[in-house]
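Me: Hi! Could you take a look at this one with me?

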Amino acid sequence: MSVNQQAHTGPPYGQPQPGYQGYQQPAYGGQSLPGAPQSQYGAYNGPMPGYQQPVPPQGSLRAPPTSGAPPPASGASHPSGHVAYSQFEHGDVQNGIPASAAPMQRPPASQPFLPGSAPTPVSQISTFQQYGPPPASVQQLRNHMAGMTIGCTAASAPPPAGLGYGVGPSSYPPTTGAPRPPAMPGPPLPGQTVAGPPSSQPNHVSSPPPPSTMAGLHPGPPMSGLHGPPPPTHPPQPGYQMQQNGSFGQMRGPQPNYGGAYPGAPNYGSPPGPPPPPKRLDPDSIPSPQLNELPPQQKPRHRIDPDAIPSPIQVIEDDRNNRGSEPFVTGVRGQVPPLVTTNFLVKDQGNASPRYIRCTSYNIPCTSDMAKQSQVPLAAVIKPLATLPPEETLPYLVDHGESGPVRCNRCKAYMCPFMQFIEGGRRFQCCFCSCVTEVPPHYFQHLDHTGKRVDFYDRPELSLGSYEFLATVDYCKNNKFPSPPAFIFMIDVSYNAVKSGLVRLICEELKSLLDYLPREGNMEESAIRVGFVTYNKVLHFYNVKSSLAQPQMMVVSDVADMFVPLLDGFLVNVNESRTVIASLLDQIPEMFADTRETETVFAPVIQAGLEALKAADCAGKLFIFHTSLPIAEAPGKLKNRDDRKLINTDKEKTLFQPQTSFYNNLAKDCVAQGCCVDLFLFPNQYLDVATLGVVPYQTGGSIYKYAYFQLETDQYRFLNDLRKDVQKEVGFDAVMRVRTSTGIRATDFFGAFYMSNTTDVEMAGLDCDKTITVEFKHDDKLSEDSGALLQCALLYTSCAGQRRLRIHNLSLNCCTQLADLYRNCETDTLINYLAKHAYRGVLSSPVKTVRDALINQCAQILACYRKNCASPSSAGQLILPECMKLLPVYLNCVLKSDVLQPGPEVTTDDRAYIRQLVTSMDVAETNVFFYPRLLPLTKADVDSDSLPAAIRNSEERLSKGDIYLLEDGLNIFVWVGVNVQQSLIQNLFGVSSFSQISNALSTLPVLENPFSKKVRSVVDMLQGQRSRYMKLIIVKQEDKLEMLFKHFLVEDKSLSGGASYVDFLCHMHKEIRQLLS
Ligand SMILES: [Zn+2]
């Protein structure tokens, strides 16, 4: 290799500066800019368009229908003879939805309760106070004792300061010898249950059955009405349990001795209440010799049966059972889709699939006053390039010819199923702004007797919710069709990177990975060109031109004003330069093997990539592999400003803010060029993710972080992430705009992007996993008749360099009754929005303020329901809307998350990383991130493909004799109880005893037995569902790592002070009552 040390003398080449102004084409903008050319809208001479078959990305996952066939299979079955909008009236209407063009209510099948009866009474808290202390649930106590055992042992391995099981109030009197619980005053009422054992999950194999006398306390069989008690049986009758939790109509009977104050809530902003009254246990009902060993602070404190409060597991299970078997057909306006945790197929009949758009509510208030009263945020979580399952059809590509897509003259909305053709088809009225536009002659078609175009089913843009248009040159920067994008790999070769083996690993991997660059449709090879840079304090560019025998290195040591020292030979076609690239990737690890350079630069690396893309006049992606805080003298140089003392102060927000605005400006330049940055971080200490993440974040890129990277344990995860990231579908140089019908408008946006104005979301790159959340506000009244419409248009460059528009349309209902709003909400989406809103809030407000605001908003949402929608009942009842009954538990998880309430082990970088990660998550990802999935592996049926039924995230659900898996989208824990049978341990880990299990394992050993195969297939299945490869962590009960694991048992009180679900529910109830009084 020849090395050409080159002094900086200024850019040798004229670098085209496209100028961002030219990019803001009126063709895309909603309002015509002054002086903007209008011709593309009025051209009448275009060819008669048809739609092209979609070109499936990457290797034809599915075959599109044969040419000329009507797009959706379901479309062909439509009877003709309906007026416009009649796609709402027929077809495969599911779930008993009445066929009607009138605003749809949520289908009865999925909404079993009427407004008056929908409430979900959780408990009658106020009435409990007259009663004496509760008898302890045997099961609860037993579980707490199990917890005690764990906690005590774990304490021998000293937890970090502040950790420990006894975080709660330590003033609990000892339990032993406490008097028996007083009898209920009077006989139990129907619907009451007196502290019976919870209908626990049948996995407590180590627990003996409860004393039979307990059963006598329960007043007979459960009632089927709303007020039946949870079943006292143990084990539960499966059918009954579902009813109990599923409908959640049954109310837990009065909970004796629920004091108004509850313990352990120091983090709500309100002062903690007085210590709770002593828990009195019935010694006879607790046949446990270990009772005396219970430390005082571990006494059971629950006064509400955890099984009597809404269970996420049950809600998920019910939705799967009710809605998983039928396809979700999108023909009906305002239809609430199945939950993200339900597997279902989607048939597009005029509205975008929920895989592309999910809303917080599918029935939105007609007026702004109503919306404000409810406090329910109106938001859509949009994933424009979402990957579809193979059974579903990709959006069709429509070509409207050289005049471009047909659009409304005024608001520029794109042709869609909601446009109304009039005057025999010569004009159409815009469904967004009501403006009437002439139909271009090439697009003219006659209407049938119902007013529908006769080519309705032949045109995706008239009959489908999602489709693509081929963009014309008017939609391109500088009125020029784009070149294919480029990928530039930029590898940190400083001491740490080399020594850890990372550099060698990356180079080895790239040799094969470069053959898997994204391809369009049936193209033989990828159009993407590649380039390579290595760096420490200086940058090394490589000439890998195919004609060279050996790669050439050019060093740029003046990093103050970055330029690219070579133009020809830097970005190359992989196949043409294969041998030179292979040679380079062989040489890089050798060249830097003996480096002593520990310092790195960072901003100049991005600048170099940006300049290279500018010089090549293309968009692209930088893959930067970086290890340390960039302290070398250069633009964007950073200092270590980490300070944990700022936590819980007004200055905490600075930890999330970049330490310099340099990177914001750089990000802006990158977006203008379509230069997306993906950052792979391998830190051994603080490297300021909040600052380094600015450019990836604002360019639509991704950040991956592998702290304390070790080759043996982390390479598999890193390589999987890298492969996925390189191969995934991505659009470049993207602009997204969301248009709405009159009455509402998009006002706020959350995600990884840049905005230079108030409407256009700009992303240098947008991949199939990235989500943008959009909030809407009223600017006028809406009507129940016309509903509300959204049209999301994404202009982007495909991986082959084709300019396209992807369009997603969604129609929502509008209501004048609050009950209709609450009946059509989607709590998972609501939580996605609330989390993103809160996570942005920490940039500007103290974390405590953000937390208080979250709690207050949710209390207002629930109080408004209680006041306006629930049937009159005692103020002591907490009544939750059926669709929002999980709002408290999920909200608590958000409040307890690392960003809003960090434990002592959570670093500043972790928090910044999570904050940015969550901001781009879709609803399925936030769902599992905030409420992880916990699966009892030892209950798995080794003969079936299915996952074992999930259980609730609480330590008391764990049995010492079982093995569990917990996943949150970033980690997979495998928790092994101390009493697990030796044979299971042997089968899963290949060792003969619990003590021999190594928690250094990063993968499960491959063993030839049914249990091992089953568990590994479960792990693989879960890995396949997530956009990132999850880190596998083996946790042995009572082991040091268990502290980390317990952090994910989100229904429990957390070690960092987060409330348990039960306690939080009580707190929410109190807040709601205060609002109502
Ligand atoms: Zn319009």
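Me: How confident is the predictor along the chain?
Reply: This is a predicted model, and the chain averages a pLDDT of 79, with 72% of the residues scoring at least 70. Over residues 5-121 the pLDDT is below 50, though that stretch has 293 contacts beyond near neighbours in sequence. Residues 123-302 also fall below 50, with 353 such contacts in the model. Where pLDDT is low, the predicted coordinates should not be read in detail.

Me: OK, switching to the metal. Which residues are the protein donors of the zinc ion?
Reply: The SG atoms of Cys-408, Cys-411, Cys-430 and Cys-433, lying 2.2 to 2.3 Å from the zinc ion. Along the chain, the donors follow the spacing C-x2-C-x18-C-x2-C.

Me: And what's the geometry of the site?
Reply: Tetrahedral, with angles of 100 to 115° among the four donor atoms.

Me: Where do Cys-411 and Cys-430 sit?
Reply: Cys-411 is in the loop between strands S9 (397-398) and S10 (420-422), while Cys-430 is in the loop between strands S11 (427-429) and S12 (436-438). The pair links distant parts of the chain, 19 residues apart.

Me: Is Cys-411 buried or exposed?
Reply: Buried, at a relative accessible area of 12%. Cys-430 is buried too, at 3%, and Cys-408 is buried at 1%.

Key
Residues are numbered from 1 along each chain as its sequence is written. This is a predicted model: local features need pLDDT of at least 70, side-chain atom pairs count only at pLDDT 80 or more; totals for chains, interfaces and linings use all residues. Side-chain values use heavy atoms; hydrogens and water are left out. pLDDT is the predictor's confidence in each residue, from 0 to 100. Contact means heavy atoms within 4.5 Å. Donors are N, O and S atoms within 2.8 Å of the metal (3.2 Å for Na, K and Ca); water is not among the atoms, so sites may look incomplete. Four donors count as tetrahedral if all angles lie between 85 and 135 degrees; four count as square planar and six as octahedral if opposite donors are over 155 degrees apart and all others between 65 and 115; anything else is irregular. Helices (H or I, at least four residues) and strands (E, at least two) are DSSP runs, numbered from the N terminus. Buried means under 20% relative accessible area, exposed over 50%, partly exposed in between (1.4 Å probe, protein chains only).
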